[in-house]
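Dear colleague,

I am passing on the structure below, and after it comes an account of what was found. Please read the two side by side.

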Amino acid sequence: MDMSTSAKGQAADGVDAQPAPTEYTDDRCDDWQNSSDAFQAFDRVLHGLEGKITGGISPIAIAMAGFDWAAHMANAPFHRAELAIDAWMCGLRMMAALAGVNEIEPAADDHRFVSEGWAKEPYRGFMQWFLLAQGWTEEATSCLSGVSCENGRIARFVARQGLDMFSPSNIPWANPEVIATTLAEGGRNLFEGAVNALTDMSALATGSPPLTRFKPGRNVAVARGKVVFRNELIELLQYASTTGTVRAEPVLITPAWIMKYYIMDLSPHNSLIHFLVAQGFTVFCISWRNPGVDMRETSFDAYRSDGFLAALDAVGHICGDVRVHACGYCLGGTLLAITAAAMARDGDKRLASVSLFAAQTDFSEAGELQLFINEPQIAFLEDAMADRGYLDGKQMGGAFQLLRSRDLIWSRMVKNYWLGRGDEPNDLMAWNDDATRLPARMHSEYLRRLFLHNDLAEGRYLVDDRPIALSDIQVPLFVVGTAADHVAPWCSVFKIHLLNPGEITFVLTSGGHNAGIVSEPGHPQRHFRIATRMPGTPYVGPESWFECISPQEGSWWPVWTNWLAARSREEEIAPPSIGNAAAGLPAIDDAPGSYVLER
């Protein structure tokens, strides 16, 4: 039946004939798709520019949190009335403080008001008023029914950041220490502070870190060794033995690639690698490449296959058929836990033990860093990374600084610019300034699969398209958390006890995420707690664990090397050769290699 006959039939039945729908050709669809892609590309460029201004923080995520808080506050008139009463009471306390009554004291970890001058008027009054206002603001942004936990954290964070800007400690004419120093030095401190400010501005404008006397291979990262393996992602460093015999089982260190490897090999006196070698261990360490745009599609799993497993294969060719003590720090520890679980699933028994330093495996309580991990924030970061193909290390460092802005931003500004003292450079600070980049794909997968969805702890993490479970790891675990860690809070690190039923030796050491790990023997004011949970032992929560375990003075490093020795063969062997040319692993270059020097 032709088209005209069909139309006549429809009209005879009383139904209006309709024109046939327009069918877009493939060329028109392609043109529209290309146009849509172009518009989205413009949005990504815009978001990239926004990210440079905001330090990688999504303004949409901040706005959504503010709207959530404001909308629920608008719908809570009685709570607003309660806050108004509290504000009135806060005002009365401020008046009492003006009359000399000591209404409030700074928190123990608030170091902005430690100078003796804050005990005198009118500075004591300035401090009291600010602390009372700070307390009221914290109350106003907390405990508001209906606001999501995620948005509540962001609202409190933004309010705290805004209020901290106006702390009297940051205002030179309200800070007694700045006034006293200016009078005593005749203003020289202000001149030196201006020089410090110009130096920092120059470094910011050129994109280079301030000049420092610490350089890898010169006075940091100087442990003697060779590069014995190199691929597009890693260099594997093998260190020269300093003892006549060594343990049969070598140690393979997997550092984080968020920063460079040599936090494990700072100055000779505080080098963990140097310490391990001196205790009779053959030590290997991965040095990650600093990625550029060419590595934008490098996946998280590539760090497992082309990183740790490639290094483990090389260690086997050099040291023979022996099991390896694997150690991972921070993100490198998370990678090691994932790899160890996959190896256990697949029957790969090359590991003798697993040591995790400040490494999370359950991200449900990942601390203040969760402020920057939600869907709007990750989508914004993905757009910001799309143009360059990586996340700049300065953006990552800026996020960490915001978490401790009182100490790392405002107090530093007062010391450097108003007091004119400047920073006394040390090896750890130099390492912290030596930032690296993160491949776009890897960073997105890491944030989504681990931080946002917590796939590893909840059994959804896939390796080679099959799930893994940390409960499969059957080798002993040595896990270190640090007491003042804002990146991997120790209670979060402690959750490995819920994910693995085997032998776990847990250490809680003083210090933060970095300084707690760099805890060499002889370092003053260091202490730690340690206990071993054997298989079949009932679970004890972190708070109860802390109360039951007494602190020990000193460094945890000797305890760890003794733990490794106890899980090694008793007989020692001659040190293996550096590299293995016959197996295609000749000594390529002197340590620290070339990847660590990439900027």
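**Fold and contacts**

Among the contacts in the chain with a separation of 6 or more, 81% are between residues 24 or more positions apart, a contact being heavy atoms within 4.5 Å. Please keep in mind that this is a predicted model, in which local features need pLDDT of at least 70 and side-chain atom pairs count only at pLDDT 80 or more, while totals for chains, interfaces and linings use all residues. Residues are numbered from 1 along each chain as its sequence is written, and side-chain values use heavy atoms, with hydrogens and water left out.

The chain has 20 helices and 15 strands, taken as DSSP runs (H or I of at least four residues for helices, E of at least two for strands) and numbered from the N terminus. Of its 599 residues, 48% are buried; buried stands for under 20% relative accessible area, exposed for over 50% and partly exposed for what lies in between, with a 1.4 Å probe and protein chains only.

**Aromatic rings**

There are 27 aromatic pairs in the structure, where rings of Phe, Tyr and Trp (its six-membered ring) pair if their centres lie within 6.5 Å, and planes under 30 degrees apart count as stacked, over 60 as edge-to-face and the rest as tilted. The pair of Phe478 and Trp560 is tilted, because the ring centres are 6.5 Å apart and the planes stand at 40°. This pair links distant parts of the chain, since Phe478 belongs to strand β11 (residues 477-482) and Trp560, 82 residues apart from it, to helix α20 (residues 557-566). Phe478 and Trp560 are both buried. One aromatic cluster is formed by Trp257, Trp288, Phe300, Tyr303, Phe363, Tyr446 and Phe451.

Two arginines sit over tyrosine rings, the criterion being that NZ of Lys or CZ of Arg is within 6 Å of the ring centre and within 35 degrees of the ring normal. The charged end of Arg449 is 4.0 Å from the ring centre of Tyr461, and Arg437 lies over the face of Tyr390 at 5.4 Å from the centre of that ring.

**Backbone features**

Most residues other than glycine have a negative phi, and most peptide bonds are trans. Glu121 and Pro122 are joined by a cis peptide bond with omega about 0°, and Pro122 lies in the loop between α4 (77-98) and α5 (123-140). Another cis peptide bond, with omega about 15°, joins Ala591 and Pro592, the latter in the segment after β15 (589-590).

Cys330, in the loop between β5 (324-329) and α11 (331-345), has a positive phi near 55°. Is Cys330 buried or exposed? Cys330 is buried, because its relative accessible area is 14%. For Asp464 phi is also positive, near 55°; Asp464 is placed in the loop between β9 (462-463) and β10 (466-467) and counts as partly exposed, because its relative accessibility is 49%.
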